[in-house]
Amino acid sequence: MNLIDPRARFNPTDGEGSMQVALDPRDRIGTAKVFAVYGKGGIGKSTTSSNLSAAFSKLGHRVLQIGCDPKHDSTFTLTKKLMPTVIDVLESVEFHAEELRPEDYMFEGYNGVMCVEAGGPPAGTGCGGYVVGQTVKLLKQHHLLDDTDVVIFDVLGDVVCGGFAAPLQHAERALVVAANDFDSIFAMNRIVAAIGAKAKNYNVRLAGVIANRSAATDEIDRFSHAIGMKRLAHFKDLDAIRRSRLKKCTLFEMDPSPEVIAAQEEYLRLAQMLWAGVDPLEAHPMKDRDIFDFLGYE
């Protein structure tokens, strides 16, 4: 199993001290608006990504969501089941990509959202960046990006290594999902640093933070103001959102209680804002010790 693309080029200038695999220009996504969603592990990135995909589709856009986690559970609320990954289907044909058909790895979900699970190499082997690259290459070879308006990368946890920072090479804007607590904000600070490093050599820029699973946003807002971030949306810790995951559906398929309708409207507002375009942010992340002091922890 070869997990290194023969066209890969290591780029020592891709961020300070980086030796990440550089993006081949032939694998660039075309005219679609591309967003990469990051955040602390377990903070609700997949829920946020799937509901945001649904919201974009409700606005009439053609949407593709790409899950970038070996657990391949990014899109199950859209498709109602776990989908096979790109790596799974490539392995089934002994990595002869020319034998694959689009329907082998791309599946239609709620309201026409197209869903792909990139998957990942076996634990301890290979690089997640290769998997993301192979996924985009397949999509381009099959012309599946030609009719796409919005692409959302839902990225594994708060990992910012070269592999799982690879979606930043394709994205126009990066979004960070965070709760109003120390661990989430600490992870956000490091993700902001990774986005800044990528922005030196790629078109990606920081869009802002989505507050999730939080009754209040005071600490997120205080931190954002300090480093030059902006809060784009706020989703409270709603039982309806938790139940939507258990029911394997998006928030737009839940019974329309007042809290559900309010959350749906917030997702639609966020999707409309992102489609219209948000100004890029030049945030300045803190040093680890500084953020400890800033948030008031001993």
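Predicted model: local features only at pLDDT ≥ 70, side-chain atom pairs only at ≥ 80, totals over all residues.
Student: How many salt bridges does the model contain?
Tutor: A pair is counted when a side-chain nitrogen of Lys or Arg lies within 4 Å of a carboxyl oxygen of Asp or Glu. By this rule the count is eleven.

Student: Aspartate 149 forms a salt bridge with arginine 62; how many residues apart are they?
Tutor: The closest N and O atoms of this pair are 2.7 Å apart. Aspartate 149 is in the loop between helix H4 and strand S7, while arginine 62 is in the loop between helix H1 and strand S4. The pair thus links distant parts of the chain, and the separation is 87 residues.

Student: Is aspartate 149 buried or exposed?
Tutor: The cut-off for buried is a relative accessible area under 20%. Aspartate 149 has a value of 16%.

Student: Which residue meets lysine 80 in a salt bridge, and which parts of the chain does the pair tie together?
Tutor: The N to O distance in this salt bridge is 2.8 Å. Lysine 80 lies in the loop between helices H2 and H3, and its partner in the loop between helices H8 and H9, so parts 173 residues apart in sequence are tied together.

Student: In which helix do glutamate 219 and arginine 222 lie?
Tutor: Their side chains meet in a salt bridge at 3.1 Å, N to O. The two residues are three apart, about one turn of the helix. Both lie in helix H7.

Definitions and conventions: Residues numbered from 1 in each chain as written. Heavy atoms only, no water. Helix = DSSP H or I, 4+ residues; strand = E, 2+ residues; numbered from the N terminus. Buried < 20%, exposed > 50% of the residue type's maximum accessible area, 1.4 Å probe, protein only.
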